[in-house]
Amino acid sequence: MDRHLFVRVLWLLAGVIVTPAFHTAAHASPATIWTQRNDNARSGQNNNETELNVGNVNKNTFGKLFSYPVDDQVYTQPLYIPALTMSADNKPHNVVFVGTVNNTLYAFDADDPKANGGKPLWSRNLTPAGARPPTASDIAWDYRDFAKNMGIVGTPVIDTDSRTLYVVSRHVAGDNFAQQLHAVDIRTGQERPNSPVVITAAYTAAGVTTKFDSLYQNQRAALTLVNGVVYIAWASHGDIGDYHGWIMGYRASDLKQTTVWNTTPSGSMSSIWQAGEGLTTDDAGNIYCMTGNGAFDGKDNFGECVLKLSANPATGALSVLDYFAPANWEMLNATDNDLGSSGVMVIPGTKLLLGGGKGGALYLIDSDNMGKENDANNIVQEFQGTAPVGGQSGHIHGSPIYWKDASGQFVYVWGENDYLRQYKFTNGADANHGSFNTSATSHSPFRAPVFYRGMPGGFLSVTSNNAAPGTGILWASTPFNDNANQKVVEGSLSAFDARDVSHVLWTSKDFPSRDDIGLFAKFVCPTVTNGKMYMPSWGVHGGPCQLCVYGLIPAPTAGTGLAVQYFNDPANGKYPLTKPFAGSPILTRIDPVIDFDWGRTSPDPIVRTNHFSARWTGQIEPRYSENYTLHLQSSNGRRLWVNGRLLIDKWIDNRDTDYTGQIALEAGKKYDIRLEYFANVGMADAKLSWQSASQALESVPQSQLYPVPYTPPKRAVLPKTQHAVPKRPSLVK
């Protein structure tokens with residue numbers, strides 16, 4: 001099927017909205033997501049997902065449950081710790097953690113939006129008093145890789161033994177730019193002793209000393225924790241300024257700096273950005289990374305390389321043990337097709353590394369013999385992993401992820417302007433050997449972006465209940481209809497059968513009024529565990545940035561919608577009608593939600609395509625005691641009453657417009673609601689949404705609407721009274 005037609009079909013298949021009653025999950029041993037891509041091998045897999053499977057992830061049973069507003073954009077992958085006793089109430093919670101570019105950390109209950117009164121379990125802003133987060137304009141007037149703030153960018157890492165979260169914040173006070181490493185107690189949000197520390201460094205090699213620049217060094221990659229050391233990597237801001245790739249290590253116990261290493265001490269450039277992926281480690285504690293455009297000599301400077309580094313047990317100092325530089329590294333440099341646009345994955349059970357860059361090639365490398373620089377690319381295997389539409393780029397940004405079941409081992413990659421592709425891997429004679437079938441076993445029915453073209457492709461996670469049949473699901477976040485390079489665009493979430501990714505299970509566009517993710521959170525992988533998916537949004541339908549929570553939707557236990565009467569109006573009637581809603585309705589029913597885009601059709605075949613009216617009646621129940629804004633978006637005439645108050649009165653024939661009205665409501669209290677609408681000739685639609693300080697903008701859900709049939713108002717009847725009949729005045733003669 002043509003991908004454009006496919007997505008249009010997805011949009012049309014929306015079913016009945018149901019909104020859940022929330023409960024704290026009590027599944028056995030949920031997976032802990034303590035680091036980006038779930039483990040230090042960066043495999044992206046969670047093999048302990050017992051709740052979600054290919055049978056129940058679909059638009060009828062899976063969708064958005066709720067969301068938490070946050071104060072700015074989120075670049076960090078959500079991290080998840082189960083059964084954590086929190087200081088907010090001294091009770092155990094499953095907790096999800098995110099950080100924003102405004103330098104704010106949040107800890108939210110992962111299951112119940114009403115926990116702690118609907119507020120975060122804790123939140124903490126890490127910007128010092130008198131300072132602010134740096135902004136894109138601090139780098140250059142025309143720098144647009146960030147929309148504005150650039151505070152917390154790299155995904156934190158959590159030490160589950162000490163219950164400490166490590167994160168880098170950035171700030172500026174006057175003309176002084178600084179970066180700080182924080183160690184935060186995940187139960188309270190408070191700083192640990194010796195935290196924070198200001199990050200400073202100098203590195204000397206080949207007779208050259210290079211100082212760390214807090215302004216131009218971009219802390220993009222996720223933090224890595226291995227052998228009691230927190231490792232941090234840095235890149236650039238759009239190749240601006242005198243920058244290098246840096247790695248620094250800090251002892252987790254007291255934040256003492258243990259090592260500093262620079263990718264190009266006698267050269268320049270060579271970022272470690274990896275589209276946000278953290279450094280990779282193997283079972284021996286060796287560290288792997290990929291570098292971008294920059295100087296290369298194979299001795300001191302390592303641009304366009306896959307690197308293997310090791311820490312000296314006595315001093316902690318990092319040194320290069322081995323490396324791989326593609327034979328065409330000079331061309332990659334010259335054309336800005338840097339190798340380091342994604343990270344490195346260790347294929348589980350082997351000593352093989354897999355990674356790819358902007359060129360779209362995938363490199364399978366023996367970690368014991370990486371090949372160094374060699375005209376023949378002396379590695380295990382190399383093949384083209386992406387095949388974009390002719391003339392377009394096929395960059396790999398979200399690095400490959402891995403999954404295994406009884407049918408084999410698979411790796412998934414989603415390059416920009418390309419399909420999600422699934423490749424089968426076969427083990428070799430030993431851990432240093434293996435190979436891929438270079439023809440994809442399957443691919444998704446649509447590309448990323450689905451419409452148009454552009455960066456950065458798909459960001460992936462995979463879940464299963466070990467190798468149980470029918471449990472493998474590939475999750476993806478992609479831009480939807482535009483190029484996300486240097487701008488904020490609409491996003492889309494998708495779920496695929498991991499055995500065959502041509503089988504789409506669900507997308508956030510199947511049921512957009514309920515499930516839409518809104519604006520794409522660039523470089524962020526979905527976090528999926530314990531029956532739920534956690535994904536940041538940079539704003540839904542004009543609302544604030546959010547952390548969105550998706551999961552299985554139970555049968556509704558509350559509202560069922562609003563009662564509605566549809567009327568066929570006179571075909572030659574002139575709107576607004578003198579006597580609307582005359583006669584008997586042609587159709588009565590209960591509409592679960594008011595979220596209709598009939599286009600040039602009508603609500604039902606017995607209702608006229610043009611010249612019809614509708615009247616919805618019932619009650620509405622808010623979730624929060626706050627001032628609400630009700631949105632009524634429609635073409636043609638509309639009126640809205642809540643609690644007897646006329647909030648919106650636009651009984652006029654005009655084009656699609658969003659009108660609003662404000663009213664204070666109490667949580668759990670039901671209020672009478674009446675909505676009237678007429679459709680003249682042409683496009684017809686009607687959408688009722690709400691928004692408050694705690695309620696993200698969304699269509700008013702079925703669970704909060706209760707049908708009450710329309711009852712015509714009774715005419716007032718004056719009571720009968722006795723009146724004295726005045727005497728007729730006598731005639732004067």
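**View 1. The second largest pocket of this predicted model has a volume of about 590 Å³.** Its lining comprises 27 residues; Asp145, Gly238, Trp273, Lys358 and Asn485 are the closest to the pocket centre. The lining splits into nine nonpolar, 11 polar and seven charged residues. A pocket is an open set of points on a 1 Å grid over the protein atoms alone, with protein on both sides within 12 Å along at least five of seven lines; lining residues have an atom within 4 Å of a point. Points are joined across faces, edges and corners, and a volume is the space filled by probe spheres set on them. Ala, Val, Leu, Ile, Met, Phe, Trp, Tyr, Cys and Pro count as nonpolar, Asp, Glu, Lys and Arg as charged, and the others, Gly among them, as polar.

**View 2. The largest cavity has a volume of about 80 Å³.** A cavity is a set of grid points where a 1.4 Å probe fits but cannot get out. There are four cavities of 30 Å³ or more. Residues lining the largest cavity include Gln36, Tyr75, Arg220, Lys522 and Cys525. By class, five are nonpolar, five polar and two charged.

**View 3. Four strands form an open antiparallel sheet in the order β2-β37-β36-β35.** β2 (62-69) and β35 (527-529) are the edge strands, each with a single partner, so one side of each has no neighbour in the sheet. From one strand to the next, the twist averages 25°. Axes here are lines fitted to C-alpha atoms, with angles from 0 to 180 degrees between N-to-C directions. Three bridges join β35 to β36 (residues 532-537) in the antiparallel sense. Thr527 sits opposite Tyr534 of β36. Strands are DSSP runs (E, at least two residues), numbered from the N terminus. Two strands pair if DSSP finds at least two bridges between them.

**View 4. Strand β43 (residues 637-642) is largely enclosed by the rest of the structure, because six of its six residues are buried.** Buried means under 20% relative accessible area (1.4 Å probe, protein chains only). Gly637, Arg639 and Trp641 point one way; Arg638, Leu640 and Val642 point the other.

**View 5. β43 pairs with β46 (residues 671-679) in the antiparallel sense over six bridges.** Leu640 stands opposite Leu675 in β46. β43 also pairs antiparallel with β44 (residues 645-650), over five bridges. Here Arg638 has Lys650 as its bridge partner. Two residues lie between the strands of the β43 and β44 hairpin, where Asn643 takes a positive phi near 55°.

**Notes.** Residues are numbered from 1 along each chain as its sequence is written. In this predicted model, local features need pLDDT of at least 70 and side-chain atom pairs count only at pLDDT 80 or more, while totals for chains, interfaces and linings use all residues; side-chain values use heavy atoms, without hydrogens and water.

Conventions: Buried means under 20% relative accessible area, exposed over 50%, partly exposed in between (1.4 Å probe, protein chains only).
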